[in-house]
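Walk through this structure one element at a time. Keep the sequence at hand and follow each stop in the 3D view.

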Amino acid sequence: MQEASPMTGGRIAVPLAVAVALAIATLTLAPRAFEAGLLLSSRDDPVALADHAVARSFDATVAAREIEDALAVNDADLAKSFLDLARDRNVPVDAALAAKVDMANAAAATAARSVESFTRGLITGEPEDLSGLAGTALGDLFVFGDIRDAVREGTRFATGQQADELILGLACVGLAITAGTYATLGAAVPARVGMTVVKAARKTGRIGGQMAAWINRSVREVIDWTSLRSALRGASITQPAAAVRAAREAVKVEKAQDLVRLVGDVGRVQTRAGTQAALDGLKLAEGPRDMSRVARLAAAKGGKTRAVLKLAGRGAIVLTVGAFNLANWMLWALVTAFGLVSALKRMTERSTERYCARHRRRRVRERPAREQAGRREDEQRAVSPTAEAPTVIAFPAPALAPERSPAPPKPIVRTAIPFPRAASGGARNS
């Protein structure tokens, strides 16, 4: 009986099926793992995060939709931001739609010159549109806005009425900044402008809850509320000088670095990307670190910042997916790739084992036939041992030198040798 094969086709099919499944899983997980690695490497770079988020979601359809939506709500600044972003990324935009954006911005520039809105913002410090915000900013730059807010909210605070302590605290810090108290801390024009934007965001409700809570905590630490209340009790709206002096003296310089740094970042965003971008950043940011990222983004994107923030949201400045989840994607991709290599290795080993087993079985099957053929050959040799003797053909070795023909024998010449005659006869004669 033949030996049963221990290496069947099923044992090879199993690792082959596993390898195919793992190959499909690897191809599925590899793009996500690559994206996760890219995001992890860019988690501290808001520009890279913003570019990644925009690349995933921005195309011609999205650009046209966002521009039309912005024009529908009379937000010409946002429409222009999307148009600039489309041109920067070579996304086609209909020429007629681009012309509408240009016309809307021209109309917005005309409306921005509204004297009534500008004056209202300058006097009340509660802007309703861009013209009012421009008036508020102008009043703050000339200290009028901070004095107005400090006197109004300070009087309410001193008399026990409901006062906006955040606005009061920001006005006090704004007075200190304008007076040069923070010159050694690096505060300059961006901090002054940023303070105005923060107050406008507070008054118009365009500041995030977590950011407002952080500013509230900072203001409580920066302002000496006990001394401020005592100083403001004797002051009133008819005595602005005393209120201003009390507000400025209530600021604790040594505890205001973080707040000054925040308003400085807001001012830099306003300078590079506009007031609306600064307000949008305050709404998205949850703390001073986020606002610093928005400032870095605005420095790189300029007027396109609003469009980027609208498209990506917080994903433009921070990782919206946890680092642990991203690391899991990379880990599972590595595990799947390792399993694929292991399955291929096991399939190769079993294929090699099966080939070797089949080769051994074939040799076992052929062994009796070879032995029988060998016995027949031995018998034939025993019967006629010379029949199979090899024929040897010998060839003479070539002569190393030509043979000389033997010389012919020399003829034998026989010469007669004379014999001397006897001398006796002669002697007798003589």
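In this predicted model, helix 16 has these buried residues: Asp 290, Met 291, Arg 293, Val 294, Ala 295, Leu 297, Ala 298 and Lys 301. What covers them? The cover includes helix 2 (46-57), helix 11 (209-222), helix 14 (257-273), helix 15 (275-284) and helix 17 (305-312). Helix 16 itself has 14 residues. Its first and last C-alpha atoms are 20 Å apart, close to the 20 Å expected at 1.5 Å a residue. Gly 302 follows helix 16, and its phi is positive, near 60°.

Now look at Lys 301. Its place is in helix 16, which runs over residues 288-301. Is Lys 301 buried or exposed? Lys 301 has a relative accessible area of 14%. The cut-off for buried is under 20%, so Lys 301 counts as buried. Which side chain does the side chain of Lys 301 meet in a polar contact? The partner is the side chain of Asp 51, at 2.6 Å. Leaving out residues up to four places away in sequence, Lys 301 touches Val 47 and Asp 51. Helix 2 (46-57) is among the elements that cover the buried residues of helix 16.

Move on to helix 11, another part of that cover. Its 14 residues should span 20 Å at 1.5 Å a residue, and its end C-alpha atoms are 20 Å apart, which agrees. The buried residues of helix 11 are Met 211, Ala 212, Trp 214, Ile 215, Ser 218, Val 219 and Val 222. Seen down the axis of helix 11, these buried residues fall within an arc of 160°, so they line one face of the helix. An α-helix has 3.6 residues a turn, so residues three or four places apart point the same way. On the other side of helix 11, Gly 209 and Arg 220 are exposed.

The largest nonpolar core has 69 residues. Which residues have the most contacts inside this core? They are Phe 58, Ile 215, Ile 223, Leu 282 and Met 291. Two of these names have come up already: Ile 215 is buried in helix 11, and Met 291 is buried in helix 16. Take Phe 58 as the next stop. Setting aside neighbours within four places in sequence, Phe 58 is in contact with Ala 63, Phe 82, Leu 85, Ala 86, Arg 89, Val 91 and Leu 311.

Helix 3 covers residues 60-72 and has 13 residues. It reaches 18 Å from its first C-alpha to its last, close to the 18 Å expected at 1.5 Å a residue. At the start of helix 3, a side-chain oxygen of Asp 59 reaches to within 3.3 Å of the backbone nitrogen of Thr 61.

Asn 74 follows helix 3. It lies in the loop between helix 3 and helix 4 (76-88). Most residues other than glycine have a negative phi. Asn 74 is not a glycine, yet its phi is positive, about 60°. At 71% relative accessibility, Asn 74 counts as exposed. Asn 90 lies in the loop between helix 4 and helix 5 (95-111). Its phi is near 60°, a positive value in a residue other than glycine. Asn 90 counts as exposed, at 71% relative accessibility.

One more stop is Thr 352. It lies in helix 18, residues 323-383. Thr 352 counts as partly exposed, at 44% relative accessibility. The side chain of Thr 352 reaches the backbone oxygen of Thr 348 at 2.8 Å.

Finally, step back to the whole chain. Its secondary structure comes to 19 helices and 0 strands. Of its 430 residues, 36% count as buried. The accessible surface of the protein chain comes to about 25,900 Å², and 58% of that belongs to carbon and sulfur atoms. Among contacts with a separation of 6 or more, 73% join residues 24 or more positions apart.

Key:
Residues are numbered from 1 along each chain as its sequence is written. This is a predicted model: local features need pLDDT of at least 70, side-chain atom pairs count only at pLDDT 80 or more; totals for chains, interfaces and linings use all residues. Side-chain values use heavy atoms; hydrogens and water are left out. Helices (H or I, at least four residues) and strands (E, at least two) are DSSP runs, numbered from the N terminus. The expected span of a helix is 1.5 Å times one less than its number of residues. A polar contact is a pair of N or O atoms within 3.5 Å; within protein, one must be able to donate a hydrogen and the other to accept it, and residues adjacent in sequence count only if both atoms are side-chain atoms. Buried means under 20% relative accessible area, exposed over 50%, partly exposed in between (1.4 Å probe, protein chains only). Contact means heavy atoms within 4.5 Å. A nonpolar core is a set of buried Ala, Val, Leu, Ile, Met, Phe, Trp, Tyr and Cys residues joined through side-chain atoms within 4.5 Å. Accessible areas come from the Shrake-Rupley method with a 1.4 Å probe; for residues, only the protein chains shown count as cover. The arc is that of the directions from the helix axis to the C-beta atoms.
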